Amino acid sequence: MHSLTFDIAHLLAGTLVLVSFLELYQDRLYALLNVFALHAFVLALSVAWQAYAQGAPHLFVTAAIALVFKAIIIPVVLHRIIVRLGIHREIEKVVGVGPAMLLGMGLVALSMVVMLRVTADADPLAREDLAFALSVVLLGLLMMVTRRNAVSQVVGFMSLENGLVLAATGAKGMPLVVEISVAFSILIAFIVIGIFLFRIRERFDTVDLQALDRFRGERR
Amino acid sequence: MSFDAVTAILVIPAVAAALLAVLPGYRLTARLNVLATLATCLTALSLFFSRPQPGPYLHVDDLNIVFIVLTTFIGFTTSGFSASYIGHELETGRLTPTFLRFYHAMYQVLMFAMNLALVANNIGVMWVAIELATLTTVLMVGIYRTHEALEAAWKYFILGSVGIALALFGTILVYMAATPVIGEGADAMVWTTLVAHAAEFDPALLNVAFVFLLLGYGTKVGLAPLHAWLPDAHAEGPTPISAVLSGLLLNVALYALLRFKMLLAVNPLALAPGPLMVTTGLISLVFAAFMLYRRRDIKRMFAYSSIEHMGIITFAFGMGGPLANFAGLLHMTMHSLTKSAIFFAVGHVAQVKGTQRIADMGGLTETNPVLGWGLVFGVVAIAGLPPLGIFTSEFLVVSSTFARSPWLAIILVFGILVALGALFLQLNTVAFGEPRGPTAAAEASYVPMFAHLALVLVAGIYLPPALVHWFQNVAKLLG
């Protein structure tokens, strides 16, 4: 049962969890965006591998969306936005590295315990994938609650969504995966446009365009 | 696919949305909006008489037809209210003609998304439809582009997206549970197939899936720990959207939850979904009831009242059994009608007074008698006083609970009474006493509001046996 196919799928999904941990402690937005691009890249690899392993060519579309849209376009656009908003040098910390990592490990352990137990007689490939996917989802949620900046919250949401795509591709033969990933891409595009249009700096505090302009004026 | 009524209730809003996105002029578009929703509503009514066979993507059964008719009917009356409301907003310059086009197109897209979510026979399609509905309402909540409106839209966006994401994870798990029995491919996401085979699914996987679905769709229902987006979204968006959100979108999310509950109910080994729903329902009810006291914004207050009532409805469905399910369905219908009528009144009140602050309005029954008494009537109804429809349904919920678990019933009654006190305290400030604020006459359309209130009154006095029979059937279906 532990064939090469399984090992590679396992490796890629595991890497995704690792990259999620990397995201968790990036305190500079630039670095965070780069790590997110890596996250999406690993996801694209993983989905492409599943497409190959399951012999499901339509999953290659999902992989392509992940690669082009999430690993390239979105990070580039967000880079530009944060430069425009003048927040690219900012450091944010709500929870320290130590507690965040510990919490993250706890969540991964939780998802392993929950998913491996309930999927005892499922296909082993799907089973491991699902456990990793839940870890990625929970780490994304953790990131969303520990950040105050709108951009890093969106990055958290996107890595959460990467976990969902991983789960959906892991579930063998699931229909509508491509449609769902397109629907998610639209959602994310809207969020990014939202940040840009409304220039949301802090989470819910300063959406105010004028306040932001005044602030930037002081810095110059 | 042949062209039948089910396709029509999807095609009409879609076409109308495309038309409204390009057509200029307030008079024309507002009328077209009303016309399109009327056509959708009539088509939905025709489903009672001839019902197409369930297909792989769309289906109509006894359960969702109730939701469809309610949705399209309130969609129609709200479009009538919206026409006069939006006219006033244009005059005062809060909305520009470009945004008006956008608003009307989005209104129809929202109707499309809700109808699709209700008729979908595929859990994946249903998920996509609810996501679409979330997106459109986010855009509409932020349409005024004030600081508060954008903040509300952003909050709704983030919380709604997280909810939607969790719901998708639950959906994937349901698929995973179904594949060993049904086989891979599209069949394992079709409702009718799922329900038929649910008894053989892996119960552990179904349990975990339901927890995710409850959290995910529960966020959209506005259940207590996950409700934070709801008051802001109601308070800052245009009032017709508050009416549609409270009256319809919450129901649609609840409908999704009910479907999955039916799935679990079929499986003898899966955990009983009831206690989870009962707990979240009660928490929502009691929490929202206390929150009602300190609200300063009138729309925000009625948003909390919606949380309270969604709590009661979730509680009733959680209790299960023919009587509680019947009460839940009736309460849902009555709440949708009453709450949207209240928002119709509140929308015009806020326009007359130029504010939503409760402290700045007063003596409405003197200055604008029709509007003021309409609001009083609506609040009396929503507080659950006889002889109105909500009294009937709340009485049924309480009495059926007393028979089975008196302790829960005591908490339930406590919550309802606390809410009643709060509503009347606030109503007293708004409707009676010294007139405060501007006292101009309202250019309002009272027809939608009084139509809803009349229905609620009639339902409180006399429920047609056909309706009772229908609801009883559905209640049995829900288990």
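This is a predicted model: local features need pLDDT of at least 70, side-chain atom pairs count only at pLDDT 80 or more; totals for chains, interfaces and linings use all residues.
Residues are numbered from 1 along each chain as its sequence is written, and chains are lettered from A and ligands numbered from 1 in the order in which they are written.

Chain A contains 8 helices and 0 strands; helices (H or I, at least four residues) and strands (E, at least two) are DSSP runs, numbered from the N terminus. Along the sequence, the pattern of chain A reads α-α-α-α-α-α-α-α. Of its 220 residues, 46% are buried, a residue being buried if 20 or more other C-beta atoms lie within 10 Å of its own, exposed if 12 or fewer, and partly exposed in between, with C-beta atoms placed from the backbone. Contacts are pairs of residues whose C-beta atoms, placed from the backbone, lie within 7 Å. Among contacts in chain A between residues at least 6 apart in sequence, 72% link residues at least 24 apart.

Chain B has 19 helices and 0 strands. Buried residues account for 61% of its 479 residues, and 82% of the contacts in chain B with a separation of 6 or more involve residues 24 or more positions apart. The C-alpha trace of chain B spans about 65 × 55 × 45 Å along its principal axes. A compact globule of 479 residues would have a radius of gyration near 23 Å, and the 21 Å of chain B agrees with this; the radius is taken over C-alpha atoms, and the globule rule is 2.2 Å times the number of residues to the power 0.38.

The contact between the chains draws 34 residues from chain A and 27 residues from chain B. On the side of chain A that touches chain B, helix 4 (97-118), helix 5 (124-146), helix 6 (150-170) and helix 7 (177-198) of chain A each supply at least two residues. Helix 7 of chain A gives the largest share, 8 residues. By type, this side of chain A comprises 26 nonpolar, 4 polar and 4 charged residues; Ala, Val, Leu, Ile, Met, Phe, Trp, Tyr, Cys and Pro count as nonpolar, Asp, Glu, Lys and Arg as charged, and the others, Gly among them, as polar.

Because 19 of the 23 residues are buried, helix 5 of chain A is largely enclosed by the rest of the structure. A:Glu128 lies in this helix and is buried, with 21 other C-beta atoms within 10 Å. Beyond its neighbours within four places in sequence, A:Glu128 is in contact with A:His10 and A:Ala13. A:Met112 is 16 residues from A:Glu128 along the chain, and their C-alpha atoms are separated by 8.6 Å.

Helix 8 (residues 203-221) of chain B reaches 25 Å from its first C-alpha to its last, close to the 27 Å expected for 19 residues. As 14 of those 19 residues are buried, helix 8 of chain B is largely enclosed by the rest of the structure. B:Gly222, with a positive phi near 90°, follows helix 8 of chain B.

Further along chain B, helix 15 (residues 369-383) packs with helix 18 (residues 447-461) at an angle of about 35°, their axes being 11 Å apart. B:Gly374, B:Phe377, B:Gly378 and B:Ala381 in helix 15 meet B:Met449, B:Phe450, B:Leu453 and B:Val456 in helix 18. These contact residues divide into 6 nonpolar, 2 polar and no charged. The loop between helix 15 and helix 16 (389-404) of chain B holds B:Pro387, and the peptide bond from B:Pro386 to B:Pro387 is cis, with omega near 5°.

Notes:
Axes are lines fitted to C-alpha atoms, for helices over the stretch in contact, and angles run from 0 to 180 degrees between N-to-C directions. Two residues are in contact if their C-beta atoms, placed from the backbone, lie within 7 Å. The expected span of a helix is 1.5 Å times one less than its number of residues.
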